[in-house]
Amino acid sequence: MEIRPVPYDHPDAVKLDAEVQAEYEVRYGDGGDATHMDPADFRPPNGVYLIAYDDAGVPVASGGWRVQDANEEGNQDGDAELKRMYVIEQMRGRGLARRILAALEEDARAAGRVRMVLETGTKQPEAIALYASSGYDPCGKFGYYRFHEDSLCYAKPL
């Protein structure tokens, strides 16, 4: 397994993003995550987007972080926002999400960010379990879905 940075608009990233959006549609029935995502948000030093590739070079997992500072959506100065954590169904349960999460936390810390934040939903119990077991605690709601009942926000000091 190789984890490497790629642009957010790389074809492999686009493919995995389409898959996670389809999963959101199945779980929430709302057409997927409508949060604005600009590929520039994931360019170092303001973020990074990672993809895990299997031994055959197939993209199997992804995740990224982007800079967020105090804004009208509830972020705080020094935040790194976790986005698009996803593992394809047939590769789940192998620790890939945990490996990507650790790499993203390390990268955000090295970039001077002080807190990793994320938004997930009530219909993603696997994500909730991953973040809770990785030291994330519930925090004040932020972001595009901050007023949605199914939205859950978590944070971890870096």
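**Sheet, helix and a charged patch**

Q: Strand β5, residues 115-121: how many of its seven residues are buried?
A: Six of the seven, so β5 is largely enclosed by the rest of the structure. Keep in mind that this is a predicted model.

Q: And β4, how many of its residues are buried?
A: Nine of nine, so to speak: β4 is mostly covered. The strand spans residues 79-87.

Q: In which sense do β4 and β5 pair, parallel or antiparallel?
A: Parallel, over three bridges.

Q: Which residue of β5 stands opposite E81?
A: V117 is the one facing E81.

Q: How do β2 and β3 run, parallel or antiparallel?
A: Antiparallel, with seven bridges joining them. Strand β3 covers residues 59-68.

Q: Which residue in β3 does I51 stand opposite?
A: I51 faces S62 there.

Q: Zoom out. What is the strand order in the sheet?
A: The order is β1-β2-β3-β4-β5-β7-β6. The seven strands make an open sheet, and the pairing is mixed.

Q: Which strands stand at the edges?
A: β1 (2-5) and β6 (137-138). Each has a single partner strand, so one side of each is left without a neighbour in the sheet.

Q: What holds strands of a sheet together as pairs, in general?
A: Backbone hydrogen bonds, in either a parallel or an antiparallel arrangement.

Q: Back to β3. Is G64 buried or exposed?
A: Buried, because its relative accessibility is 0%. G64 lies in strand β3.

Q: How far apart are G64 and V114 in space?
A: C-alpha to C-alpha, 16 Å. In sequence the two are 50 residues apart.

Q: Change of topic: the helix. Where does L16 lie?
A: L16 is in helix α1, which spans residues 11-28.

Q: Buried or exposed, that L16?
A: L16 counts as buried, because its relative accessibility is 0%.

Q: How far is L16 from V60?
A: They are 44 residues apart in sequence. Their C-alpha atoms are 7.8 Å apart in space.

Q: Where is D30 found?
A: D30 sits in the loop between α1 and β2 (47-53). G32 is found in that loop too.

Q: Last one. Which residues form the negative surface patch?
A: E25, D30, E149 and D150.

Definitions and conventions. Residues numbered from 1 in each chain as written. Predicted model: local features only at pLDDT ≥ 70, side-chain atom pairs only at ≥ 80, totals over all residues. Heavy atoms only, no water. Patch = residues over 30% accessible without salt bridge, like charges linked within 9 Å, V, L, I, M, F, W, Y side chains within 5 Å. Areas by Shrake-Rupley, 256 points an atom, 1.4 Å probe, with all protein chains shown as cover. Salt bridge = Lys/Arg side-chain N within 4 Å of Asp/Glu carboxyl O. Lys, Arg positive; Asp, Glu negative; His and termini not counted. Charge placed at Lys NZ, Arg CZ, Asp CG, Glu CD. Helix = DSSP H or I, 4+ residues; strand = E, 2+ residues; numbered from the N terminus. Pairing = 2+ DSSP bridges. Buried < 20%, exposed > 50% of the residue type's maximum accessible area, 1.4 Å probe, protein only.
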